[in-house]
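Take a moment with the sequence and the model below.

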Amino acid sequence: MGGSERAGREGEQLALVGQAARTAPRARPRTWRNAPLAERLPVARVLVDKGLVHLDRLFDYAVPAAMDAEARPGVRVRVRFGAGQRDGRREGGRLINGFVVERRADSDFPGVLAPLAQVLSTEPVLSPGLLRLCRAVADRYAGALADVVQLAVPPRMARAERQPSPPAPPPPAPPGPGGWSRYPSGPAYLAALARGEAPRAVWTALPGPHWPDELARALATALAAGRGALAVLPDGRAAARADAALTALLGPGHHVLLTADAGPEARYRRWLAVSRGAVRCVVGTRAAMFAPVARLGLVALWDDGDAAHHDDRAPQPHAREVLALRAVQEGAAALFGGLSRSAESARLVETGWAGELAAAREAVRAAAPLVRTVGDGDQARDPAARAARLPTLAWQAVREGLARGPVLVQVPRRGYVPRLACARCRTPARCAHCHGPLAAVGAAEVLRCAWCGQDAPGWHCAECGGARLRAVVVGARRTAEELGRAFPAVQVRTSGRDHVLGAVPDRPALVVSTPGAEPVPEGPGYAAALLLDGWALLGRPDLRAGEEALRCWLNAAALVRPQAEGGTVVVLGEPTERAVQSLVRWDPAGHARRELADRSFLGFPPVARMAAVSGSPEAVAGLLGSLRLPASAEVLGPVPLPVAEPGRPRRPGDPPAGERWERALIRVPPGHGAELAAALKSAQAGRLARREGPPVRIRVDPQDIG
DNA sequence: AGCACGCCGACT
DNA sequence: GTCGGCGTGCTC
């Protein structure tokens, strides 16, 4: 062995490179000895299905002649991977799954290539376009390509693959503009879609039940222009509404619904129909954001502020970011719609990436209910109202509404952790150095920033100068229960995360629901809605608290009849609060603009790009030490993370029980996000390769930085 | 992460 | 002279 073996190996490699490789490399598993290689393109470049950042590259394998026809780009294969190799002798290695990415004439790998072990399926599921998208998403989030591909390509179901997909129907006739006439630039947007252009718009939908039909018309217009279309909605119920609207418009056969409800096999069958080009239009929840729609002409997203658009599997991509990448990569139009508007969408408008698609003031006023506020100062003079712990105005609105139809009562979800706010004006307490949220630490209740860890002795409210703090309190569910007692003759129905009510009939009833679970009323809409405990929503330490409160309120209030038909909404919240004012004026766009301006001033996302690095103190320090950051980057912390509470369910990303973890935040100005992600990825890869202690968790665009 | 290679000390 | 400890480095 030794020297002569080495020379022989190089000879073989040269032979392989020179594509005269009729004989297999000598050192290969027994079963392949003397098996011939494919004559043309004998090398397969393979993405191995291992989400390890330091292995985040492609590997070359030899293609046996017997697999030549089947080992096409995009198919699933099994390969031996992981065993060490010495002196050209190769034994074993574990069988793992992967995807053929490319067939090549040669390899730049200096050693001997192992052969593909098996072609699992001839279905080309990872197309070049999908691979390009996955790679862009992985780069954006400092994640591993294999992790993203796992989100994008559903697991194989052999039975579904055996069935042929029905032939694609011809494009439908273009639909009329329908409700889009209610928006000044609506018909022009549809016309651009119909011409096959790629207009991008942030759409603030009018309140009421028409948005699913409008969304469907936009999708159908792209289809009629001979292109594909994709709509992502936050949950199965919203997706079902869009699905029903599309079926009403086009009939069946033109689109598929991709949601978790269908079950794995049916879902894979539908996904295959899309992948094979038999269906050109997809409606679904967030996993559908990767659906390989052919000749994509439109990506649509509904309610991008909903947290459900954030995938919780690594690297936690957000549907808005993925669809925005697709719109650019695939030259598709984009329609980001909702009843409210996120600061991120506002930024897309501000930077000119998207235009604005909103109705005129009069149209908004005609469609929206009357919104009234009840502040802390209002007293409950009516005894019945006092019994329900409700201000008079709220009690009256419920009573009058119940005379005409169902009344919605929105109560906040439990599970959020309120922190500190000014006792006088309730502005959340923030750090003077980095504007992070303040928290009381330890028994001595030292005030400390949860982001940068600096103490804040002698805190004073930036708004009103107040010096006293209060914890923000919850407790509205009981109010809703007592509400039922205040109206004993009325049926009370509840809808929440575990028991979501689909629809409610158009007759008097009290419908108590948590945000996002509101039943859609049959008929003209709720007669009234009561939005309880604005303090709980607004007092959250999250920097999105105001935006999120307004989003929840608008989604509920949009189910109420217009003011002209008696629709009334009462919100319990201080009338001076920005989110409350924006609800009263029904001005989500203005609210989002002001939110964005504030966040820009404070150096918050989405104007700044942030990443969180968490793990043991040593690991975090180690990573920060080896990180080559852009000069403009700013490191906040690290600070200790709160230890897991016994009551709260553990989510991925939480520290393991009993371990104390730290977290550092890194922020960069606009335009440096890609640099930051690349730096994080290479630092992480280096640490893992050199085995420098335990790994750290890296999150780009962390959600819980409040 | 696995997993194999390889260079060191206790055994046949 | 050989077995096997776990430190080190690669995975086509």
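The paragraphs below turn to the salt bridges, then to a site listed in UniProt.

This is a predicted model. Start with charge. Side chains of opposite charge can pair when their charged atoms come close. How many salt bridges does the structure hold? The count is 38.

Look at Glu356 and Arg593. They form a salt bridge, and their closest N and O atoms are 3.9 Å apart. Glu356 sits in strand β14, residues 355-358, while Arg593 belongs to helix α18, residues 588-602, so the pair ties together parts that are 237 residues apart in sequence. Are these two side chains buried, partly exposed or exposed? Glu356 has a relative accessibility of 37%, so it counts as partly exposed. Arg593 is also partly exposed, at 48%. Buried would require a value under 20%, and exposed a value over 50%.

Next comes a pair between loops. Asp506 and Arg561 meet through their side chains in a salt bridge, 3.2 Å from N to O. Asp506 lies in the loop between β22 (503-504) and β23 (509-513), and Arg561 in the loop between α16 (545-557) and β26 (568-572), so this contact ties together parts 55 residues apart in sequence. The two partners differ in class. Asp506 is partly exposed, with 37% relative accessibility. Arg561 is buried, because its relative accessible area is 8%.

Now return to helix α18. Glu595 is in this helix, and its partner Arg578 is in helix α17, residues 578-585. Their side chains meet in a salt bridge of 3.0 Å, N to O. The two residues are 17 apart, and the pair links distant parts of the chain. Which of the two is buried and which is partly exposed? Glu595 is buried, with a relative accessible area of 10%. Arg578 is partly exposed, at 24%.

Some salt bridges join up. Eight residues make one such network: Arg140, Asp304, Arg320, Glu321, Glu344, Arg544, Arg609 and Asp701.

Finally, turn to the cysteines. Which residues does UniProt list for "binding site"? The unreviewed entry names Cys431, Cys434, Cys449 and Cys452. Among them, Cys431 is part of the lining of the second largest pocket. Cys449 lies in strand β19, residues 446-449. Its relative accessible area is 2%, so Cys449 is buried.

Key
Residues are numbered from 1 along each chain as its sequence is written. Chains are lettered from A and ligands numbered from 1 in the order in which they are written. This is a predicted model: local features need pLDDT of at least 70, side-chain atom pairs count only at pLDDT 80 or more; totals for chains, interfaces and linings use all residues. Side-chain values use heavy atoms; hydrogens and water are left out. UniProt positions are given in the numbering used here, feature names are shortened, and annotations may be inferred rather than shown by experiment. On a 1 Å grid over the protein atoms alone, a cavity is a set of points where a 1.4 Å probe fits but cannot get out, and a pocket is an open set with protein on both sides within 12 Å along at least five of seven lines; lining residues have an atom within 4 Å of a point. Helices (H or I, at least four residues) and strands (E, at least two) are DSSP runs, numbered from the N terminus. Buried means under 20% relative accessible area, exposed over 50%, partly exposed in between (1.4 Å probe, protein chains only). A salt bridge is a side-chain nitrogen of Lys or Arg within 4 Å of a carboxyl oxygen of Asp or Glu.
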